[in-house]
Amino acid sequence: MQLGMIGLGKMGANMVGRLRDAGHEVIGYDVNPGSRDVDTLEDLVAALEPPRAVWVMVPAGQPTQQTIAALGKLLAAGDLLVDGGNSRFTDDQMNAAALDERGIGFVDCGVSGGVWGRENGYGLMAGGSVDNVARLAPIFDALRPPVIADEPGAGYAHAGDVGAGHFAKMVHNGIEYGLMQAYAEGYELLAAADLVTDVPAVLTAWTQGTVIRSWLLDLLVRALETDPELDDIRGYVQDSGEGRWTVEEAIKHRVPMPVISAALFARFASRQEDSPAMQAVAALRNQFGGHATVGRDEDVEAPGSPEPPSRRTTSRRAADPPDPDPVARDLDEIVGSARQNGS
């Protein structure tokens, strides 16, 4: 099958390679001239035989909207456009309506697999009419992982009408936030405990035979093999929007979503040099209870807190006795303070 691919970044270029390996003819365009086959969108459309199929694989938001709007003026009735980026599902419905006025079909497709997709295949979630989705079946079959005899649906789903593919991908990414956060918190606790002397070995052991084994866990083990202490990485985490949209839709549909919400907020917290909220809490504790605050130039530990984890495999010095019960000691301090201050 012949396909035009717009966007030859990490995902788009690998998808083109996988499609070509499967025997499809792919004509690629990118704003950067390095790897593109044609120099303009006009050239791309002219190089494709009607009825055309064009896959857009560019960043969500304005880049996608501008590209689809431009293609809407270049494509003809009977052509088919696929948005394979991480667009919001509500954008799909507007784009489909605008293209339909010119007789151009539209399919939205959530794509998962990252930089490993060319080798392993991509998880695909398509949204659109039965006819439009069926027309792209050869492309989907080439991009998805090999079909397993007893799991024929693995790796691909026609999720529903226009927008359903990106809605499914949005929820997928929200789940991804929660999974990554859970692994990260487990990693930090293992690293903080002196009892565990080989954290990477524990994580590696989890990758086989356990109920929490997964590809994400495999990737964490791989990251630690390269940088055992993660010293080369700052704990600053961006979000691309799907986690926020997932939480917004959960609120709209009254679906409790504590794990994904907490994972999203943890990313926000990672970007703060200091927390205004915690500054306010410290100020309030000082106001109602006379509790000490910590100045910006001070470096002290909170009472009852364990010493900061080194994340290394060295054990605690023999001269440092373990705290017999730090939780009970904290509780005693809180109760004592409350009695003194009447709160």
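Tutor: Buried means under 20% relative accessible area, exposed over 50% and partly exposed in between (1.4 Å probe, protein chains only). The model is predicted, so local features need pLDDT of at least 70 and side-chain atom pairs pLDDT 80 or more, while totals for chains, interfaces and linings use all residues. Residues are numbered from 1 along each chain as its sequence is written, and side-chain values use heavy atoms, without hydrogens and water.

Student: Why is asparagine 173 called buried?

Tutor: Its relative accessibility is 6%, which is under 20%, so asparagine 173 counts as buried. The residue belongs to helix 8. Helices (H or I, at least four residues) and strands (E, at least two) are DSSP runs numbered from the N terminus.

Student: What does asparagine 173 touch?

Tutor: Leaving out residues up to four places away in sequence, asparagine 173 touches Asn86 and Glu242. Contact means heavy atoms within 4.5 Å.

Student: Why are helix 8 and helix 11 called roughly perpendicular?

Tutor: The axes of helix 8 (residues 164-192) and helix 11 (residues 242-252) cross at roughly 105 degrees and come within 8 Å. Angles of 65 to 115 degrees count as roughly perpendicular (under 35 roughly parallel, over 145 roughly antiparallel, the rest oblique), so this pair of helices is roughly perpendicular. The axes are lines fitted to C-alpha atoms over the stretch in contact, with angles from 0 to 180 degrees between N-to-C directions.

Student: Which residues make the contact between helix 8 and helix 11?

Tutor: Helix 8 contributes Phe167, Met170, Val171, Asn173, Gly174 and Tyr177, and helix 11 contributes Glu242, Gly243, Trp245, Thr246 and Glu249. They divide into 5 nonpolar, 4 polar and 2 charged. Nonpolar covers Ala, Val, Leu, Ile, Met, Phe, Trp, Tyr, Cys and Pro, charged covers Asp, Glu, Lys and Arg, and polar the others, Gly among them.

Student: Tyr177 is in that list. What makes the charged end of arginine 267 count as sitting over the ring of tyrosine 177?

Tutor: The charged end of arginine 267 is 3.6 Å from the ring centre of tyrosine 177. The rule asks for NZ of Lys or CZ of Arg within 6 Å of the centre and within 35 degrees of the ring normal.

Student: How many aromatic pairs are there?

Tutor: The count is 4. Rings of Phe, Tyr and Trp (its six-membered ring) pair if their centres lie within 6.5 Å; planes under 30 degrees apart are stacked, over 60 edge-to-face and the rest tilted.

Student: Why is the pair of tryptophan 55 and phenylalanine 140 called edge-to-face?

Tutor: The ring centres of tryptophan 55 and phenylalanine 140 are 6.2 Å apart, within the limit, and the planes stand at 75 degrees, over 60, so the pair is edge-to-face. Tryptophan 55 is in strand 3 (residues 53-56) and phenylalanine 140 in helix 7 (residues 137-143), so the pair ties together parts 85 residues apart in sequence. Both are buried, tryptophan 55 at 0% and phenylalanine 140 at 1%. Trp55, Phe140 and Tyr156 form one aromatic cluster.

Student: Is leucine 230 buried or exposed?

Tutor: At 18%, under 20%, leucine 230 is buried. Leucine 230 lies in the loop between helix 10 (215-226) and helix 11 and has a positive phi of about 55 degrees although it is not a glycine.

Student: And what makes arginine 254 exposed?

Tutor: Its value is 77%, over 50%, so arginine 254 counts as exposed. Arginine 254 sits in the loop between helix 11 and helix 12; its phi is positive too, about 60 degrees, and it is not a glycine.

Student: Where is the proline 51 whose peptide bond from proline 50 is cis?

Tutor: Proline 51 is in the loop between helix 2 (41-47) and strand 3. The omega of that bond is near -10 degrees.
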